[in-house]
Amino acid sequence: MSASVTDRWASGDLYEPYVGRWSRLVASEFLAWLAAPSGLDWLDVGCGTGVLAGTIAARCAPRRLTGIDPSAGFLMHAQRLGTGIALARAGAEALPFRDAAFDRAVSGLVLNFVPDPARALAETARVVRRGGKAALYIWDYAGKMEMMRRFWDAAGALDPAAVERDEGRRFPICRPKPLRELLTAAGFIDVDARAIDVPTVFQDFDDYWTPFLSGQAPAPGYCMSLGEEARAALRERLRTSLPVQADGSIHLIARAWAVRGTRT
């Protein structure tokens, strides 16, 4: 992550309409790909608002399900979901668990925001049992995560300074090759990656635009750093460039890159 940019993560209520609703769709496809048996001990690293952990609870019949996140606000939101997850406030680079404590360790939309991804994956490897698995997914910021890609393309066309804040530029690990290399370096074998594409259908332009006004996360943070006139110009450029259907809806694709590996 660029050291010159600070991303704010505090409110689960703001996260949900921005990307939480789309992450939930990816989580279902991600868990189907993992095809884990029931009765396992799971860890969700960077559980955030509980999107992935809640899906695990609903689909995977875990014996034990634990989630950690550094954001107190996100953990409060996850607790309200009532999924029966054991929650703890902690970061991915220093997991507060004994060695070989879990059968599965997963994370959703987290790794690129961790200052030291290699350290985070080394910690993940430490807490996963031999023969257990780790897996994660992150957005394809540079490509087919279209709601963000279109935002940053529009912003960059109006403001050259926006290029340095573009997540596609800031997070080069969000591609299959770097993800496979990171998992392999952490000691996992049989590492593979795949794309998960989900539809993001917005009712109208306001449904697309309003989440960018939250000020939370990179793109909304940039949006709200603009003056009123510059923000209005960005809004209008997006309004005229997005593929609006006859009924006013906007149909885009959100692609996540998913990677998995087995602990040796």
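Is L109 buried or exposed? With a relative accessible area of 9%, L109 is buried (under 20% counts as buried, over 50% as exposed and in between as partly exposed, using a 1.4 Å probe and protein chains only). Bear in mind that this is a predicted model, where local features need pLDDT of at least 70, side-chain atom pairs count only at pLDDT 80 or more, and totals for chains, interfaces and linings use all residues. Residues are numbered from 1 along each chain as its sequence is written, and side-chain values use heavy atoms, leaving out hydrogens and water.

**The overall picture**

- You'll find 10 helices and seven strands in the protein chain (DSSP runs numbered from the N terminus, with H or I over at least four residues for helices and E over at least two for strands).
- The radius of gyration is 18 Å, which agrees with the value near 18 Å for a compact globule of 264 residues (taken over C-alpha atoms, with the globule rule being 2.2 Å times the number of residues to the power 0.38).
- Along the principal axes, the C-alpha trace spans about 55 × 35 × 30 Å.
- Of the 264 residues, 52% count as buried.
- Among contacts (heavy atoms within 4.5 Å) with a separation of 6 or more, 75% come from residues 24 or more positions apart.

- S107 sits in strand 4, residues 102–108, and counts as buried because its relative accessibility is 9%.
- Leaving aside residues up to four places away in sequence, S107 touches D44, V45, L52, A135, L136 and Y137.
- L109 belongs to the loop between strand 4 and helix 4 (117–127), and has a positive phi of about 60° despite not being a glycine.

**The D99 link**

- D99 is in the loop between strand 3 (86–89) and strand 4, and at 48% relative accessible area it is partly exposed.
- Not counting residues up to four places away in sequence, D99 touches R126 and V127.
- The side chains of D99 and R126 are joined by a polar contact of 2.8 Å (a pair of N or O atoms within 3.5 Å; within protein, one must be able to donate a hydrogen and the other to accept it, and residues adjacent in sequence count only if both atoms are side-chain atoms).
- D99 and V127 are 28 residues apart in sequence, but C-alpha to C-alpha they are 4.5 Å apart in space.

**Another positive phi**

- A217 isn't a glycine, yet has a positive phi of about 90°.
- A217 lies in the loop between helix 8 (205–209) and helix 9 (218–225), and is buried at 3% relative accessible area.
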